[in-house]
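The sequence and the structure are shown first.

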Amino acid sequence: MNVREFERYYKKLYMPLCMYALRLVEESTVSEDVVQDAFIKAWRYSEEGGVISSFPSFMYRTVRNECLLFLRGKKTMVGEEYIPEVSETDIDTSERDAKIWRAIGMLPEKCKKVFLMSKQKGMSNEQIAEEMGIAVKTVKNQMTKALSRLREVLKDGEKPFFLPFL
């Protein structure tokens, strides 16, 4: 595998793999570390002449194993039976979650802040307005704008979305 192919896979898989790892280890910084370690292992394996027939499958399996090592180190889980093999559903869910976070990241800054205060922190429109020093109507407009943009980005045949990990 050459550097260009590896970079292309990295850009495509990094966020979905982080979402997958996050569901297993439940800590965002740890999930990012696990994914970075998995990419390093994949690169080294490739450099040593190892052949990877399906890079995405290899990466999900490697991330799963890295999560298992982390959890064993925390003594929270003992055996592999606690982390099932990677399924198509896991991959689809991870890709969906990554797509949602990318869409949130593309929102204008004020719109994103209002949206996350509402969905992530559970704040009411009035609380958001007070904290940001804006009118409640502005908060409502920003939420409408955020949801509209997210629906547009996520419309391609997906069921109505919800944000389970916020």
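## Cysteines

In this predicted model, the number of disulfides comes to zero. A disulfide requires two cysteine sulfur atoms within 2.5 Å. The cysteine sulfur closest to that of Cys18 belongs to Cys67, and because the two are 9.8 Å apart, they are too far from each other for a bond.

Cys18 has a relative accessible area of 4% and is therefore buried. Cys111 is likewise classed as buried, at a relative accessible area of 0%.

## Salt bridges

Side chains of opposite charge can pair when their charged atoms come close. How many salt bridges does the structure hold? The structure holds two.

One of them joins the side chains of Lys41 and Glu66, with an N to O distance of 2.4 Å. This pair links distant parts of the chain, since Lys41 lies in helix α2 and Glu66 in helix α3, 25 residues apart.

Lys112 has a relative accessible area of 18%, so it is buried, since the buried class covers values under 20%. Glu109, by contrast, is exposed, with a relative accessible area of 57%.

Thr62 is located in helix α3, which spans residues 55-74. Is this residue, Thr62, buried or exposed? Its relative accessibility is 11%, and Thr62 therefore counts as buried.

Which backbone atom lies 2.7 Å from a polar atom of the Thr62 side chain? It is the backbone oxygen of Phe58.

Glu26 is placed in the loop between α1 (3-25) and α2 (28-47). Its phi is near 60°, a positive value in a residue that is not glycine. Most residues other than glycine have a negative phi.

With regard to accessibility, Glu26 reaches 66% and so counts as exposed, because the exposed class begins over 50%.

How values were computed
Residues numbered from 1 in each chain as written. Predicted model: local features only at pLDDT ≥ 70, side-chain atom pairs only at ≥ 80, totals over all residues. Heavy atoms only, no water. Helix = DSSP H or I, 4+ residues; strand = E, 2+ residues; numbered from the N terminus. Buried < 20%, exposed > 50% of the residue type's maximum accessible area, 1.4 Å probe, protein only. Polar contact = N/O pair within 3.5 Å; in protein donor to acceptor, adjacent residues only side chain to side chain. Salt bridge = Lys/Arg side-chain N within 4 Å of Asp/Glu carboxyl O.
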